[in-house]
Amino acid sequence: MILVVAEQRDGTLNRATLETIAAAQKLAGDAPVKAAVLGQSAGAVAQDLATAVSEVLLVENPALGTYTPDAFTVAVQQIVAAVKPVYVLLPHTYQTRDFAPMVAVRVGASLITDVVGINGTGSSATFVRPMFQGKLSAEVRPQGEGPRCVTIQIGAFRADAVKRGTAAPVNPLAVEIDPSTIRQKAEAPFKEAKQAVDLGQAERIVAVGRGIKSQENIAIAEKLAGAMSAEIAASRPICDNGWLPMDRQIGSSGQTVAPKLYVALGISGAIQHLVGMKGARTIVAINKDADAPIFEVADYGIVGDLFDIVPALVSELEKS
Amino acid sequence: MKIAVCIKQVPTREWQPRINEAGTWIREQDASYELNEPDAYALEEALRLREKHSGEVVVCAAGPARVQQVIREALARGADRAIHVEGDALGSADASITSAALASAMTDERFDLVLTGLQSDDQGHAQVGVMLAERLQMPHSTIIMEVQVVDPSTGSGQAATLRVKRELEGGWFQWIGMPLPALLTIQSGINQLRYATLKGIMAAKKKEIRKVPLPGGLAASQQIMELALPTRSKQTEMITGAPAAAAKELVRRLREEARAL
């Protein structure tokens, strides 16, 4: 049996959960897939999942209303003890990253993170995950006797591929959490400043990465953006350096976009960036490294020096 | 405050991947190495906290002998001393082994605060920090963008606590409070990095690096069956030629084929 730990906040299901269920169905073969929904009052989310799995475990407890790693770890530990899954699958979100390794140590489980592919089914399956910033891809097999925890990268499986059937039962599963053992005190989530730019609305985006080398060189990319009627954006290191404001950042910690055209200049294509832009209809990559992972998702690629190619593009676009 | 920073040595960003004959790991002898970037931010944060609250910064690393390079660098940037859990097998170890190796050398030090980078640029499990917290029985929080040490008023008899800003996805943040000792995984960009001065490099030569052997009996929780160049999910049309010709061809294709301009 495969257990999927759903992620929800304030009664809204994180869509990555459905992608994780799709992965679980692939891994399961004929074995059942169950989902556990953790929260304070999460009944509606549990109903949402009922047609996708063979049983929904509704795990409600006041200590699970606001996420903390301590409370979630204790809860998942008790769920695993109660239902004894062969695999525990979770979406590879920031929340999962915060508590899944703690669960793995507590229950003696293996933990394979950031999975983008599954070979085979059941206990002989292997898992594909990026390594070395996406430059290499590893096929990994879990070791040891304990349950096997696997986290599924966002966008690696399709939510609309989930096989649905008749609604499965939603059964409550009680967990005991002593509030005094929760060491973290979580305050309400907030947004830093109101987002000045909604890149999600942009038809075209020109994005820069480390290859741009200096803040002064951003102007070169801005010129191309102007010639293409595109918005300027960046990968995380550029915003960390303060070369462009944080609200121009594309990727897991920034905005997720799906424009008509995405031009990646000097962006190597680490997975944290790819998850934010691989839904673009047409992707162009310009990079001096022919092995850069960005070329894996690009429709058009030019291997070369962006400082030669971008000005040539600008003059070509200005011709007509 | 006694602060530990866990650092890892990883292949440089410019490194071109080369795979060993068995196809299960990289050719380590061909790689050049550097300090894992998120760990550099963790180190910088530790140095800033020491400047504010005084105390000691101890660099902790688990890896083969080559790891001394980044340990020296961290000492040159200002860390006070280092602990090196040394073992050849640690170069390709999984997060379960790495965290257990670090914990074996760190438990008795009784650190007030342990900082790690949020993940490594090599295997990228993003697990060592949280596993280490559990093994050291410390509370933790991950992907941290600001660290505040909340000092109690003098004479209150209360211990200092932490208040940290945790990054969530999509531009959201959250403040988390917790007692010390604690472990935090630090997000890149939390601060501006400093680099080693000549004085720092000279001083680092005299600083202590305590070597600890890798404890026996640590079992791997996963095995790499095969390491390979990734397969492309899309058929990428590579456009070649001199810059002007390539630019002309790309613009033509974007207009006529992709209809994206």
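How many residues of chain B are in contact with chain A, and how many residues of chain A do they meet? In this predicted model, 65 residues of chain B are in contact with 70 residues of chain A. On the side of chain B that touches chain A, at least two residues each are supplied by α4 (128-135), β7 (140-150), β9 (172-179), β12 (222-228), β13 and α6 (243-256) of chain B. Helix α6(B) gives the largest share of that side, with 9 residues. By residue type, the side of chain B that touches chain A divides into 35 nonpolar, 18 polar and 12 charged residues.

Backbone pairing also links the two chains. Strand β10 (residues 136-142) of chain A is joined to β12(B) by 6 bridges, and these two strands run antiparallel. Within this pair, A:Glu139 has B:Glu226 of β12(B) as its bridge partner. Strands of a sheet pair through backbone hydrogen bonds, in either a parallel or an antiparallel sense.

Strand β15(A) is joined to β16(A) by 4 bridges, and the two run parallel; here A:Ile205 has A:Glu231 of β16(A) as its bridge partner. Strand β15(A) is also joined to β17(A), in this case by 5 bridges and again in parallel, and the bridge partner of A:Val206 in β17(A) is A:Val263. Strand β15(A) is mostly covered, with 4 of its 5 residues buried. Next in the order, β17 (residues 261-265) of chain A pairs in the parallel sense with β18 (residues 282-287) of chain A over 5 bridges. In that pairing, A:Tyr262 has A:Ile283 of β18(A) as its bridge partner.

The contact between them takes 8 residues from domain 1 of chain A and 8 residues from domain 2 of chain A. The side of domain 1 of chain A that touches domain 2 of chain A divides into 2 nonpolar, 4 polar and 2 charged residues.

Chain B is divided into domain 1 (2-213) and domain 2 (235-261), whose C-alpha centres lie 44 Å apart. The C-alpha atoms of chain B fill a box of roughly 75 × 40 × 40 Å along the principal axes. The secondary structure of chain B comes to 6 helices and 13 strands. Of the 261 residues in chain B, 47% are buried. Among contacts in chain B between residues at least 6 apart in sequence, 68% join residues at least 24 apart.

The largest nonpolar core has 135 residues, and the members that touch the most others are A:Val37, B:Val5, B:Val59 and B:Cys60. Helix α3 (residues 95-106) of chain B gives the largest share of this core, 8 residues. Leaving aside residues up to four places away in sequence, B:Val5 touches B:Ala42, B:Leu43, B:Ala46, B:Val57, B:Val59, B:Cys60, B:Ala79 and B:Leu115. A second, separate core of 57 residues includes A:Ile212, A:Ala234, A:Met277 and B:Ala246.

A:Gln47 lies in helix α2 (residues 43-49) of chain A. Why does A:Gln47 count as partly exposed? A residue is buried with 20 or more other C-beta atoms within 10 Å of its own and exposed with 12 or fewer; A:Gln47 has 14 C-beta neighbours inside 10 Å and therefore counts as partly exposed. In sequence, A:Gln47 and A:Pro169 are 122 residues apart, while their C-alpha atoms are 8.8 Å apart in space.

Notes:
Residues numbered from 1 in each chain as written. Chains lettered and ligands numbered in written order. Predicted model: local features only at pLDDT ≥ 70, side-chain atom pairs only at ≥ 80, totals over all residues. Pairing = 2+ DSSP bridges. Domains from an automatic or database assignment. Contact = placed C-beta atoms within 7 Å. Nonpolar A, V, L, I, M, F, W, Y, C, P; charged D, E, K, R; others polar. Core = buried A, V, L, I, M, F, W, Y, C linked by C-beta atoms within 7 Å.
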